[in-house]
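Reader: I've got a chain on my screen and some questions about it. Can we walk through it together?

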Amino acid sequence: MEKSPPDERGAEDLAAEILRADPAADEGDGATPPDTDDVLARFVTGVAGVWAAGGTRDRVRSPGPVRSSRFI
């Protein structure tokens, strides 16, 4: 991780760069599996039974280092 200077370009220039980006899927770096739609579909199918969005959620008893959402 490294700190870089802020990008001084305007919103229009940034949007134009995003639109010029290559929409082709990234094939990975060779050390990890490629992030293709097939890989994602197999992952989702594999965890669908145990990784459901519904159901109950356990309460977290510790509020963590910030005890309030108010910052004064």
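## Walking through the chain

Reader: What am I looking at here, and how many helices and strands are there?
Author: Keep in mind that this is a predicted model. The helices are α1, residues 11-20, and α2, residues 37-47. The count for the protein chain is 0 strands and 2 helices.

Reader: What percentage of the 72 residues count as buried?
Author: To count as buried, a residue needs a relative accessible area under 20%. The accessible surface of the protein chain is about 7600 Å², and carbon and sulfur atoms hold 56% of that. Of the 72 residues, the buried share is 1%.

Reader: How many salt bridges does a search of the whole structure find?
Author: Side chains of opposite charge can pair when their charged atoms come close. For the whole structure, the search gives 2 salt bridges.

Reader: Are the residues in that network buried, partly exposed or exposed, and which residues are they?
Author: Asp 7 has a relative accessible area of 42%, while Arg 9 comes in at 36% and Glu 17 at 36%.

Reader: Which residues make the nonpolar surface patch?
Author: A residue needs over 30% relative accessible area and no salt bridge to be part of a patch. Val 50, found in the segment after α2, has 77% and counts as exposed, so it passes the area cut-off. The patch covers about 590 Å², and its residues are Leu 40, Phe 43, Val 44, Val 50 and Trp 51.

Reader: What about Ala 24: is it buried or exposed?
Author: Ala 24 sits in the loop between α1 and α2. Its relative accessibility is 51%. The cut-off is over 50%, so Ala 24 counts as exposed.

Reader: And how far apart in space are Ala 24 and Thr 36?
Author: Along the sequence, Ala 24 and Thr 36 are 12 residues apart. Going from C-alpha to C-alpha, the distance in space is 10.0 Å.

Notes:
Residues numbered from 1 in each chain as written. Predicted model: local features only at pLDDT ≥ 70, side-chain atom pairs only at ≥ 80, totals over all residues. Heavy atoms only, no water. Helix = DSSP H or I, 4+ residues; strand = E, 2+ residues; numbered from the N terminus. Buried < 20%, exposed > 50% of the residue type's maximum accessible area, 1.4 Å probe, protein only. Areas by Shrake-Rupley, 256 points an atom, 1.4 Å probe, with all protein chains shown as cover. Salt bridge = Lys/Arg side-chain N within 4 Å of Asp/Glu carboxyl O. Patch = residues over 30% accessible without salt bridge, like charges linked within 9 Å, V, L, I, M, F, W, Y side chains within 5 Å.
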